[in-house]
Amino acid sequence: PGTLMREIKFTVSDGLVDSLPATSYVTFHAVNDRPIVDLNGNDAGSNFITTFTEELAPVAIASANVSVVDLDNTTSAWATVRLVNNLDGADEFINATSLPGAINGSWDAV
């Protein structure tokens, strides 16, 4: 919401005469909401599950309908995709070259 002060007026009546209005002033303090990542698009939940078979073609690690939403910001500063349990060393990696729009990808073997 906007952060401008809200003014709320209260009036009470006994059926014959109204009270003088009383006023409440509410100041809104904006918060920075965290972005939301949904890897499976329109499906239930937000995680994505896939299966990779050795020596076959690469697989997508997110739905084509992946979404990133930030309720209070129209742009994102950065994102990280990390292979957490790399079981086969250099034989497993994430290819970040086929990204949509103005998104740039790079790969770091850390």
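A: What follows starts with the chain as a whole, turns to the patch, and then visits a loop and some side-chain contacts.

The model is predicted. Over the protein chain the pLDDT averages 84, and 88% of the residues reach a score of at least 70. Where pLDDT is low, the predicted coordinates should not be read in detail. By element, the mean confidence is highest in strand 2 (residues 22–26), at 97, and lowest in strand 4 (residues 67–69), at 86.

The protein chain has four strands and zero helices. Along the sequence this gives the pattern β-β-β-β. Of its 110 residues, 5% count as buried.

Now the patch. Ile36, Val69 and Leu71 make a nonpolar surface patch of about 290 Å². Ile36 belongs to strand 3, which covers residues 36–38. Val69 is another member of the patch, and residue 69 falls within strand 4, the element with the lowest mean confidence, 86.

Between strand 3 and strand 4 runs a loop that contains Glu55. The backbone of Glu55 has a positive phi of about 70°, although Glu55 is not a glycine. Most residues other than glycine have a negative phi. Is Glu55 buried or exposed? With a relative accessible area of 78%, Glu55 is exposed.

Charged side chains form contacts elsewhere in the chain. A search of the whole structure finds one salt bridge. In that bridge the side chains of Glu7 and Lys9 meet, with 3.4 Å from N to O. Glu7 has a relative accessible area of 49%, so this residue is partly exposed.

Arg6 has a contact of another kind: Arg6 lies over the face of Phe28, at 4.0 Å from the ring centre. As for rings facing other rings, the structure holds zero aromatic pairs.

To return to the part you asked about, the patch is nonpolar and is made by Ile36, Val69 and Leu71, with Ile36 placed in strand 3.

How values were computed: Residues are numbered from 1 along each chain as its sequence is written. This is a predicted model: local features need pLDDT of at least 70, side-chain atom pairs count only at pLDDT 80 or more; totals for chains, interfaces and linings use all residues. Side-chain values use heavy atoms; hydrogens and water are left out. Rings of Phe, Tyr and Trp (its six-membered ring) pair if their centres lie within 6.5 Å; planes under 30 degrees apart count as stacked, over 60 as edge-to-face and the rest as tilted. A charge sits over a ring if NZ of Lys or CZ of Arg is within 6 Å of the ring centre and within 35 degrees of the ring normal. A salt bridge is a side-chain nitrogen of Lys or Arg within 4 Å of a carboxyl oxygen of Asp or Glu. Buried means under 20% relative accessible area, exposed over 50%, partly exposed in between (1.4 Å probe, protein chains only). Patches are made of residues with over 30% relative accessible area and no salt bridge: like charges are joined within 9 Å, nonpolar side chains (Val, Leu, Ile, Met, Phe, Trp, Tyr) within 5 Å. Accessible areas come from the Shrake-Rupley method with a 1.4 Å probe; for residues, only the protein chains shown count as cover. Helices (H or I, at least four residues) and strands (E, at least two) are DSSP runs, numbered from the N terminus. pLDDT is the predictor's confidence in each residue, from 0 to 100.
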